[in-house]
Amino acid sequence: MCDNREETVNASSIARGLGSATRTRTPREAGNRAIEAAARWGLATRGVLYLLIGALALRIALGDRGEQADRGGALQVLAQQPFGAALVWAVGIGLVCMALWRLSEAVFGAAGPDGGAARKRLAGAARAVFYGVVAYSVLSFATGEQGSGSSDRQSQDVTARALDLPYGRWLVAAAGAAVAAAGVWIAVRALRRGFRKYLKLGAMSRRTRRAVEALGVCGGVARGAVFAVAGGFALSAAVRYDPDKAKGIDDTLRTFAGTAAGPWLLRAVALGLALFGVFSFAMARWRRV
């Protein structure tokens, strides 16, 4: 009699447990998990690209002028590795995930107490468009279509078409100013360690926090510098009405070597971009999504 009662109680407990587990898997929670997985994959993908671009820029700084230090060059490096085609596809899909995550921030709001603010949603929408364009370029490369060309040539072609539009000079100037301003903002935010509020600091040891902060500051400043200079070149193209003045990432990086600091400045920026790649891996591990 007691055995039967215990079996009934155990069966009821198991059923309640299964029912509770089933209830916790709501569509919203499943969607949140999918968004989190997409964000972490996208951040890791960004890390791969910046790490490769930084390494290619460092090779240029050390005297190897044959490499192309931009997204196209990074994809060429990946394609030459074993299972290269699969790696390029993985990067393209990761960037699609990045775009979808940023789109979700625009629609549903980002993580954090002010994640639903209008400025946060607009920033999410802008980032979704940016990563969507980059993902399209990478997937075009993966399928063998056009999209693997030099970022310098692409920038000049886009600038030339934009200048031919009505008020084209103003459009290019506005775009250049926006990119330059974004670069300055990226660098300043990195110096102020604005990324800390997005990290799960409690899940990190003290030494890990210090290392991640150093990566975020150095990498963010280098990334911001590249954006600021590239935006300045676009602004110059608008002022002079000359699309050849616009420069992609590769030419922008090479201009650092032409300054008074010489190749040492390019080496510092290249190292910073590589460190930003490592920082992106840390964000993929500890970022709040």
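Phenylalanine 108 sits in helix 4 (residues 84–108); helices here are DSSP runs of H or I, at least four residues, numbered from the N terminus. The model is predicted: local features need pLDDT of at least 70, side-chain atom pairs count only at pLDDT 80 or more, and totals for chains, interfaces and linings use all residues. Residues are numbered from 1 along each chain as its sequence is written, and side-chain values use heavy atoms, leaving out hydrogens and water.

Phenylalanine 108 is exposed, at 65% relative accessible area. Exposed means over 50%, buried under 20%, partly exposed in between (1.4 Å probe, protein chains only).

The largest nonpolar core holds 50 residues; Leu75, Leu95, Leu253, Leu266 and Leu273 touch the most other members. Such a core is a set of buried Ala, Val, Leu, Ile, Met, Phe, Trp, Tyr and Cys residues joined through side-chain atoms within 4.5 Å. Elements giving this core two or more residues include helix 2 (27–61), helix 4 and helix 10 (263–286). Another core, of 5 residues, lies apart from it, with Ala162 and Val172 among them.

The unreviewed UniProt entry annotates "transmembrane region" at spans including 43–62 and 170–191. Residues 43–62 are 95% helix, with end C-alpha atoms 29 Å apart. Residues 170–191 are 100% helix, and their end C-alpha atoms lie 31 Å apart.

Definitions and conventions: UniProt positions are given in the numbering used here, feature names are shortened, and annotations may be inferred rather than shown by experiment.
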